[in-house]
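Please read each numbered point with the structure in view.

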Amino acid sequence: MAKIVKGQGFKGVVSYVLDKSKQTQLLDSQGVRTKSPETMIQSFVFQAELNPKIKKPVGHISLDFSAQDKPKLSNEMMVQISNEYMQKMGIRDTQYILARHFDKEHPHVHLVFNRVDNNGKTISDQNDR
């Protein structure tokens, strides 16, 4: 199950996704400096400025899995599933981070991505429904 949200600011979502109280593991990233939450936020903001027309450049998707599947869902498997999901949703050529949380019974990952792609174009949300 996927929960899709668009937002205006990267600071809040990056802070939430990397919250240590959720026992977060950063599984994958692309085009983002991952030294600290602050450098991640700066990376996202810098690229979003390529297209100031987008009022909500933040993409946040939580991919939730059944608790019954927990034994099968290694970090590698969750990265693979998330990458396939992004491709099918048209989320390509952009920055993202993928983090796994361990604060719930069910396995889940959070994908934060820039809706402004590497060329300054908007990533379509036509597949959100």
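1. The buried residues of helix 3 are covered by elements that include strand 1 (2-7), strand 2 (25-30), strand 3 (58-64), strand 4 (96-101) and strand 5 (108-114). Helices (H or I, at least four residues) and strands (E, at least two) are DSSP runs, numbered from the N terminus. Axes are lines fitted to C-alpha atoms, for helices over the stretch in contact (heavy atoms within 4.5 Å), and angles run from 0 to 180 degrees between N-to-C directions.

2. The model is predicted: local features need pLDDT of at least 70 and side-chain atom pairs count only at pLDDT 80 or more, while totals for chains, interfaces and linings use all residues. Residues are numbered from 1 along each chain as its sequence is written, and side-chain values use heavy atoms, with hydrogens and water left out.

3. Which residues of helix 3 are buried? They are Met78, Val79, Ser82, Tyr85, Met86 and Met89. Buried means under 20% relative accessible area, exposed over 50%, and partly exposed in between (1.4 Å probe, protein chains only). Just after helix 3, Gly90 takes a positive phi of about 80 degrees.

4. The five strands form an open sheet in the order 1-3-5-4-2, with antiparallel pairing; two strands pair if DSSP finds at least two bridges between them. Strand 1 and strand 2 are the edge strands, each pairing on one side only. Strand 1 and strand 3 are joined by six bridges, and Lys3 has Ser62 as its bridge partner in strand 3.

5. How many salt bridges does the structure hold? There are two, a salt bridge being a side-chain nitrogen of Lys or Arg within 4 Å of a carboxyl oxygen of Asp or Glu. One joins Lys22 and Asp103 (3.5 Å, N to O). These partners are 81 residues apart, Lys22 in the loop between helix 1 (10-17) and strand 2, Asp103 in the loop between strand 4 and strand 5. Lys22 counts as buried because its relative accessibility is 14%. In the salt bridge of Asp69 with Lys72, the closest N and O atoms are 3.3 Å apart; Lys72 is exposed, with a relative accessible area of 59%.
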